[in-house]
Amino acid sequence: MGVGIEVSELNAWYGSNHTLQNINLRIPANHATALIGPSGCGKSTFVRCLNRMHETNPVGRVTGSVLIGQLDIYTQASPVEIRRRVGMVFQRPNPFPTMSIYDNVASGLRLNGYRNRVVLDEVVQRSLEQAALWEEVKDDLKKKSGASLSGGQQQRLCIARALAVDPEVMLMDEPASALDPVSTAKIEDLIFQLKSQYTIVIVTHNMQQAARVAENTGFFLNGRLVEFDATHKIFTNPRDKRTEDYITGRFG
Ligand SMILES: Nc1ncnc2c1ncn2[C@@H]1O[C@H](COP(=O)(O)OP(=O)(O)OP(=O)(O)O)[C@@H](O)[C@H]1O
Ligand SMILES: [Mg+2]
């Protein structure tokens, strides 16, 4: 089952650039939460703070706390452990290009020490089914490489790869922005299926997409979380004038 995320007093920097300022936010378990806001407002930086990726940047720095369930990810676990529990999918699909489809999906498990063929076969199939890709690739699992798939298939392969290690949280940073409408619809359907089991955070510039997939939405502006509320509230009756200006297209 997914677990909730509780972010308190989160600040992040790139060198002297104070990119995220005092973010406080509770993301409910087993729901999808959308993050919106103009380019450069800090959405990607924020999601990268939820799996300790921000600190892999040589000038990246984070303060504050992030609880995933009961676990304080900055003080109670290693980055490796956190990245198993918190899967991430990026805007550009990034499968391992020369690895087979099978090896792409199995890579995280192997990294965690799994070698049993039967277990690997099972998990690869289950993950590809969850990612709605199994039917399209089941005959080519070991014949075709990650790079030989279409963009939409590659993105679903990356989702399968992330699901294979059985995470509790899935972070998706504009997962469909490089995809055609059919592939986008598949990813959105997938988010619907997945949220019964996982906690999903999706960054999107597509407000219709946020409205379709997410129960809650947060609006970021200039490194701050301006407003967080039920999606329908954000889009129909926001509390903050800046949210209203953004969603009605007055800036951004
Ligand atoms: N690797 C980096 N090094 C230095 N500064 C960065 C880096 N990545 C992002 N920034 C800065 O941090 C701020 C927030 O960027 P971020 O990528 O989080 O925004 P975003 O909301 O995801 O934007 P977009 O919608 O364009 O993806 C911007 O001012 C950006 O210039
Ligand atoms: Mg971004």
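N22 is found in strand β2. In this predicted model, N22 has a positive phi of about 50°, although N22 is not a glycine. For context, most residues other than glycine have a negative phi.

Four strands form an open sheet in the order β2-β1-β4-β5, and the pairing is antiparallel. The edges are β2, covering 17-27, and β5, covering 71-72, each of which pairs on one side only. Strand β1, residues 5-14, runs antiparallel to β2, and seven bridges join the two. As one example, A12 has L20 in β2 as its bridge partner.

Where does E174 lie? E174 lies in the loop between β7 (169-173) and α7 (181-194). E174 counts as buried, because 20 C-beta neighbours lie inside 10 Å and the cut-off for a buried residue is 20 or more.

I now turn to the helices. Two packed helices are described by the angle between their axes and the distance between the axes. Helix α3, residues 101-111, packs with helix α6, residues 151-164, at an angle of about 30°, and their axes are 7 Å apart. That angle makes α3 roughly parallel to α6, because angles under 35 degrees count as roughly parallel. The crossing of the two helices, α3 and α6, is right-handed.

Which residues of α3 and α6 meet? From α3 come I101, N104, V105, A106, S107, G108 and L109; from α6 come L157, A160, R161 and A164. Sorted by class, this contact of α3 with α6 has seven nonpolar residues, three polar and one charged.

Let us stay with α3 for a moment. Its buried residues are I101, N104, V105, A106, G108 and L109. As a general point, an α-helix has 3.6 residues a turn, so residues three or four places apart point the same way. What do the buried residues of α3 pack against? They pack against α4 (117-130) and α5 (134-137), as well as α6. Just after α3, finally, comes G113, which takes a positive phi of about 95°.

Notes:
Residues numbered from 1 in each chain as written. Chains lettered and ligands numbered in written order. Predicted model: local features only at pLDDT ≥ 70, side-chain atom pairs only at ≥ 80, totals over all residues. Axes fitted to C-alpha atoms, helices over the stretch in contact; angles between N-to-C directions. Parallel < 35°, antiparallel > 145°, perpendicular 65-115°, else oblique. Left-handed = near helix turned anticlockwise from the far one by under 90°. Contact = placed C-beta atoms within 7 Å. Nonpolar A, V, L, I, M, F, W, Y, C, P; charged D, E, K, R; others polar. Pairing = 2+ DSSP bridges. Buried ≥ 20, exposed ≤ 12 C-beta atoms within 10 Å, placed from the backbone.
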